[in-house]
Amino acid sequence: MDAWEDLDPVLKKNEFDEIVDLLLCHGLHKDLPNLLTEIIEKLPEFDGKLTSPFRQILVLLAFCNKFQQNGPLPDIKDHSFLYNLHEGVVGFLKAEPSLVELMSPASTYKLVGGLRLLLARSILMSSKFLPKDVETTIANYFPTFPVKPSNSKSWENWAEILQIDLEEKCDVLKQVNKVNTTSAKYLTDKLNILAVERRKSSLDVDDSVIIVWKSVAPKFDEFVRHLRSLLPENFLDKIASNSHPKIKMLASRIPPNASEGDVIAFFDYICDVEMETKFWTSSFVQQIISPVER
């Protein structure tokens with residue numbers, strides 16, 4: 001008989017949740033779709049419940065990983081996808097200035113500027129949007145000098161992303177203005193012949209967005225690498241290093257290099273332990289065993 005059968009601990013709800021949280025992190029980090037599916041199917045209440053401080057990075061990383069595996073087409077033509085990707089990347093760059101330092105402001109601009117160009121292009125090509133929507137997008141994403149009340153918010157947005165001071169007129173800012181001017185002209189020229197643009201074949205559109213993506217892709221890949229570097233190397237190690245003796249005991253069942261199948265088996269095991277705990281600590285069972293204990 002396996003000695004562990006005699007050592008299964010009583011697993012409280014908060015302890016169980018902590019382990020499942022780490023397994024979800026592991027599944028997102030290592031891109032283990034079968035593990036994630038198993039957890040969500042068995043514990044649907046955990047969908048969206050991830051409490052790890054690394055939650056935002058992991059969700060964005062999973063989104064980026066899926067895109068890298070399945071893209072770039074048709075995603076780089078889809079305004080909804082591009083909007084979500086843009087918001088995720090920009091939001092994280094603002095929240096983690098260290099990423100801008102790792103990539104450099106110039107590389108960060110190429111990434112964000114490229115995503116904004118693709119997003120603006122997708123809006124321009126979609127019949128869901130009016131010409132005024134395209135004009136607003138161009139003005140918001142590609143402000144040009146001089147900085148004035150009508151475009152100050154757009155420039156402040158770029159300054160916040162790139163961690164630069166608008167007052168200094170540094171070389172990066174000058175380069176941003178130069179490329180913004182080119183991008184704004186390119187999009188405005190397309191807008192002026194909007195009917196012609198929207199009649200283009202899917203193949204022609206594919207070719208044009210792929211050209212843009214080829215310049216963005218290296219910076220996007222760099223961003224994803226730096227994003228991954230902000231995470232622990234292995235979330236399974238966090239189970240093993242947990243200070244709680246019961247969780248540390250359970251960790252002996254799962255090595256850091258465990259396969260996806262091994263992790264799923266471990267998850268099934270802790271679910272069984274938690275179910276047994278609920279049974280033995282239920283008021284019904286406690287009422288039965290209490291007289292015996294007395």
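Reader: Hi! Before we start, what counts as a helix or a strand here?
Author: Helices (H or I, at least four residues) and strands (E, at least two) are DSSP runs, numbered from the N terminus. This is a predicted model, where local features need pLDDT of at least 70 and side-chain atom pairs count only at pLDDT 80 or more, while totals for chains, interfaces and linings use all residues. Residues are numbered from 1 along each chain as its sequence is written, and side-chain values use heavy atoms, leaving out hydrogens and water.

Reader: Which residues have the most contacts inside the largest nonpolar core?
Author: Those are Leu23, Phe223 and Ile270, in a core of 87 residues. Helix α6 (residues 105-125) gives the largest share of this core, eleven residues. A nonpolar core is a set of buried Ala, Val, Leu, Ile, Met, Phe, Trp, Tyr and Cys residues joined through side-chain atoms within 4.5 Å.

Reader: What does Phe223 touch?
Author: Leaving aside residues up to four places away in sequence, Phe223 touches Leu60, Val89, Leu93, Leu99, Met103 and Leu111. Contact means heavy atoms within 4.5 Å.

Reader: New topic: how many disulfides are there?
Author: A search of the whole structure finds zero; a disulfide is a pair of cysteine sulfur atoms within 2.5 Å.

Reader: Is Cys25 buried or exposed?
Author: Cys25 is buried, at 0% relative accessible area, whereas Cys170 is partly exposed at 22%.

Technical notes: Buried < 20%, exposed > 50% of the residue type's maximum accessible area, 1.4 Å probe, protein only.
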